[in-house]
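Colleague: I am new to this structure. Please walk me through some of its features.

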Amino acid sequence: MLPAGSLTTAVVLAAGEGTRMNSAIPKVLHPLAGRPLVEHAVRAAAGLAPEHLVVVVGHGRDVVDAYLRTVAAVLGLDVRAAVQARQRGTGDAVCAALGALPAGTSGTVLVSCADVPLLDTGTLGELVAEHHRAGHAVTVLTAVVDDPTGYGRVLRDHSGAVTGIVEHRDATAAQHTIHEINSGVFVFDAGVLHEALGRLRRAMGPPNSQSQGELYLTDVLGIVRAEGLPVGARQCADPWLVAGVNDRVQLAAVGAELNRRLLEHWMRAGVTVVDPASVWLDIDVQLAPDVTLYPGVQLYAGTVVGPGAVIGPDSTLSSCTVGAGATVVRTHALGAVVADGAQIGPFAYLRPGSRVGERAKVGTFVETKNAQLGPGAKVPHLSYVGDATIGEGTNIGAATVFVNYDGVTKHRTTVGAHARTGADNMFVAPVTIGDGAYTAAGSVITQDVPPGALAVARGRQRNVEGWVSRRRPGTPAAQAAQQAQRGHGDQTRQE
Ligand code: UD1
Ligand code: CA
């Protein structure tokens, strides 16, 4: 595609407050498919490998900057933050970006917005390529959209040449009928941009002299054109790619579209999605062929699902790994690893540190945390498994609690291989149950159980004959008991 080094500078504008979000969180940090808006924009620009990648921060800059640092570290990028102390418009923001570059940086400058999250590297690359091919001083990325409300409109003369951009709020009634909008994404010759921004500043005089007291980047286009320099526009055929997010209605709309596209991608790659309308995926989820997703599934934050696995209905997995052929039904799971062929749910809750071995089972109403189940191990019903290691082939009886917390510290329980523990056990940690050991139903296990032993840790049963007729006479229980005894007597007479 593009020869390397063809883009000198990429600027991402992310300083705005995003007033229309009505949020305590800066707009550019609101997530879409598991990534903040600004990260979508930064990744798209970084894909062009510019010499300088500048993000303009301002509103909430401490949190935005901190986030950018982590992204830069993860992606191995050199991201420069330029501070726009007061948000005086997109033109002013670009001034701040240029100020953060080494003196005399020339070449080509791409400007994109942090609130246009679906723009991809390919589209940006085509814009830069077109700018170079046509020898423009400025090239703007536009799109024809059904509803242009809120966007800047692209003005063209009768020959079709671009003459300028007018903001929605400054447009005349006739201009409001224009459906070609400014995406907010431009490519400039650096020298031309410098010069035009300088003029714009001088023309505006002190801040607050225009309708919003802002310096519009969009005005640069008209200035450059008036100087007789070549100005161009490239229309993006897919309007979704340039959709801006100014409020939460747009955030939801763009989010739904991105999700639709992600699902389409995975379906084409061999994933069955029974009901695409009710399944949500984060952008970094990885799905193997022949995965089936039933209705009501949400897969978040880097979840990886292996071939043939079946997820859902109604399951939420975050940062989980699910092996080949595993099934996960009506489950909520965070940071869990489920090995090949394992069965989870229905109604399971896997918390961080849960590792379920091959063909192992975490069944109905079972919660696990920091727990390892060996291959084929089973916790089928109504149990809490916290801070435990359960060996291969072991079966944990229904309604078992791994008592891991003494009120101050957490302790571990180890159950060996092929053990059979009774229903309704308490394993009071720290405690170890040996390989092949059994425990009796209803036991409270406070001491280690040697391999192969049967542990019985419960009161012996005592039956007090006739207690009900003596102490609860006349009750339905007493009557039922008498009837049972009479019936028993009749039976013995007959014999
Ligand atoms: C802007 C464009 C509009 C275009 C639309 C596309 C201008 C004047 N208007 O309008 O023509 O159709 O984007 O989505 O450029 N920002 C700063 N500093 C500021 C102001 C904004 O960094 O002082 C950043 C914001 O964080 C945002 C981007 O610039 O990422 C665009 O700002 P926003 O206020 O959303 O502009 P729009 O009204 O959407
Ligand atoms: Ca916007």
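Colleague: Is R260 buried, partly exposed or exposed?

Modeller: R260 is partly exposed, at 41% relative accessibility. Buried means under 20% relative accessible area, exposed over 50%, and partly exposed in between (1.4 Å probe, protein chains only). This is a predicted model: local features need pLDDT of at least 70, side-chain atom pairs count only at pLDDT 80 or more, and totals for chains, interfaces and linings use all residues. Residues are numbered from 1 along each chain as its sequence is written, and side-chain values use heavy atoms, without hydrogens and water.

Colleague: Which side chain meets R260 in a salt bridge?

Modeller: Side chains of opposite charge can pair when their charged atoms come close. A salt bridge is a side-chain nitrogen of Lys or Arg within 4 Å of a carboxyl oxygen of Asp or Glu. Here E257 meets R260, at 3.0 Å from N to O. E257 is buried, with 8% relative accessible area. Both belong to one network of salt bridges with shared partners, along with D238, R261, E264 and R268.

Colleague: How many salt bridges does the structure hold?

Modeller: It holds 20. One of them joins R35 and E39, with the closest N and O atoms 3.5 Å apart. R35 is buried at 14% relative accessibility, and E39 is buried at 7%.

Colleague: Which residues coordinate the calcium ion (ligand 2)?

Modeller: Donors are N, O and S atoms within 2.8 Å of the metal (3.2 Å for Na, K and Ca); water is not among the atoms, so sites may look incomplete. D115 (OD) and N246 (OD1) coordinate this ion, at 2.2 to 2.4 Å. D115 is buried at 14% relative accessibility, and N246 is buried at 18%.

Definitions and conventions
Chains lettered and ligands numbered in written order.
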